[in-house]
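This briefing covers the fold, the core, the voids and a few individual residues of one protein model. The points are grouped by topic.

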Amino acid sequence: MGALQEEAVQSEKKVKLSTLIEVFSVSTKLGLTSFGGPIAHLGYFHNEYVRRRKWIDEQSYADLVALCQFLPGPASSQVGIGIGILRAGLLGGFVAWLGFTLPSIIALVLFAYLLQGYDIGSSGWIHGLKIVAVAIVAQAVLGMGQKLTPDRERVTIAVIAAVVTLYWQTAFSQVLIIVVAGLIGLSYYRKKEEYIVHDVHITIKRSVAIFCLSLFFILLIALPLLSQWGGMEWLAMFDSFYRTGALVFGGGHVVLPLLESEVIANEWVSQTDFLVGYGATQAVPGPLFTFASYLGKMAGGLSGALIATTAIFLPAFLLVAGALPFWNNLRTNPKIKGALVGINAAVVGILLAALYDPLWTTAILETSDFALAVILFIMLVFWKLPPWIIVITGAAGGMLLSII
């Protein structure tokens, strides 16, 4: 009997290892090929995980996407983590994140090496990348605005959020804007049905979920205190990137203003290097949050890249693992749904403010810059060309403008 039990345990371990390898290989393939930002990533995930491999059914996938859009953090990465957890437990969530994220991390760290190794800060193609960032964020503002601010009340919330962000540019101000917008949404929209929800089966234990949620809040509160008292640069960096990952609602491009207020205020990265890296991030597949890997490398070498990447993605993992078992109850609560409506509107406003400052004020210096930005915007929105083509066109356009 003992031999049979041992054989069964070994067989189970082999099955789990093979499942983890499968999850990693599939997510790595997605990490190498998923261009186009968070919304496009969800399409790639649907095609691979739902249609081809049938790891998750249509309704469960829709419910998981709804959960990740509700939580702060990078929505597409969180969906990938959630599928990994459902497929192979917590370790499956980690390897799914690693496979999807690693190609982008490597590419951006190598780009940071190139930027630091050569004096290319004033090159024409660098200025072209800044203009690419303007076009990319303008497209994000347009798309998010149409979806998240469809009425005058939400447009008003977005505009007020943008104005306050422009005149009060601190990380604290953006957090306060999100909180106030959530309270407004809770009061005004809690009785309005925004979407229909369905139950989804979750296997993760609630004790594990509670631990993850507790750790999320403990780090959010303790890290700012420790970084002030400790005086260690790496701890201050971990705190800044962790808070950014924990407080970004909407994911994707919305990370731009929070990161900008953190890294430039702390003088870790110059504004030019910041915008150039953001433009380069559009050219690589995978999550936009790997912009943190580039910033970490520019600020503190390879160890800085590791700290920044770990810190900005850790909240996403803790929140997904912590929220999954409670999602069925939370998402049917009209108060929470109403608060989310207000928060989403404020997110549009914060991103609109970032489109003007630092993007527009830094990149659009002449009439020719504006002309190139309009061309890139049309290529994105109306011709629907992939972002990597926009990046190449923008860099080439920047070089041409520097010669003319």
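**Briefing on the predicted model**

Gly 397 lies in helix H16, which spans residues 387-403. With a relative accessible area of 13%, Gly 397 is buried, because the cut-off for that class is under 20%. The C-alpha atom of Gly 397 is 7.0 Å from that of Leu 372, although 25 residues separate the two along the chain.

**Overall fold and surface**

- The protein contains 16 helices and zero strands.
- Of its 404 residues, 53% are buried.
- Taking contacts between residues at least 6 apart in sequence, 77% of them link residues at least 24 apart.
- The accessible surface amounts to about 18,500 Å², and carbon and sulfur atoms account for 67% of this area.

**Nonpolar core**

- The largest nonpolar core comprises 119 residues.
- Tyr 61, Val 79, Phe 241, Tyr 242, Phe 274, Tyr 294 and Leu 295 have the most contacts inside this core.
- Helix H12 is the main contributor to the core, giving 16 residues.
- Beyond its neighbours within four places in sequence, Tyr 242 touches Leu 215, Phe 216, Leu 219, Leu 220 and Leu 223, among others.
- The contacts of Tyr 242 also include Ala 311, Ile 312, Leu 314, Pro 315 and Leu 318.
- In soluble globular proteins, nonpolar side chains tend to be buried together.

**Second largest pocket**

- The volume of the second largest pocket is about 590 Å³.
- Its lining consists of 24 residues, and those closest to the pocket centre are Phe 70, Pro 72, Phe 217, Phe 249 and Ile 343.
- At least two lining residues come from each of H7 (171-189), H8 (206-230), H9 (233-247), H12 (291-323) and H14 (334-363).
- H7 provides the largest share of this lining, with six residues.
- By class, the pocket lining has 22 nonpolar residues, two polar ones and no charged ones.

**Cavities**

- Three cavities of 30 Å³ or more are present in the structure.
- The second largest cavity has a volume of about 40 Å³.
- Gln 174, Ile 178, Leu 247, Val 248, Phe 249, Val 254, Leu 258 and Ile 350 line the second largest cavity.
- Seven of these lining residues are nonpolar and one is polar, with no charged residue in the set.

**Buried helix segments**

- Helix H10 (residues 255-263) is mostly covered, with nine of its nine residues buried.
- The buried residues of H10 include Glu 260 and Glu 262, along with Ser 261.
- Ser 104 is part of helix H4, which covers residues 75-117.
- Ser 104 counts as buried because its relative accessibility is 0%.
- Apart from neighbours within four places in sequence, Ser 104 is in contact with Val 284, Pro 285, Gly 286, Pro 287 and Thr 290.

Methods:
Residues are numbered from 1 along each chain as its sequence is written. This is a predicted model: local features need pLDDT of at least 70, side-chain atom pairs count only at pLDDT 80 or more; totals for chains, interfaces and linings use all residues. Side-chain values use heavy atoms; hydrogens and water are left out. On a 1 Å grid over the protein atoms alone, a cavity is a set of points where a 1.4 Å probe fits but cannot get out, and a pocket is an open set with protein on both sides within 12 Å along at least five of seven lines; lining residues have an atom within 4 Å of a point. Grid points are joined across faces, edges and corners, and a volume is the space filled by probe spheres set on the points. Helices (H or I, at least four residues) and strands (E, at least two) are DSSP runs, numbered from the N terminus. Ala, Val, Leu, Ile, Met, Phe, Trp, Tyr, Cys and Pro count as nonpolar, Asp, Glu, Lys and Arg as charged, and the others, Gly among them, as polar. A nonpolar core is a set of buried Ala, Val, Leu, Ile, Met, Phe, Trp, Tyr and Cys residues joined through side-chain atoms within 4.5 Å. Buried means under 20% relative accessible area, exposed over 50%, partly exposed in between (1.4 Å probe, protein chains only). Contact means heavy atoms within 4.5 Å. Accessible areas come from the Shrake-Rupley method with a 1.4 Å probe; for residues, only the protein chains shown count as cover.
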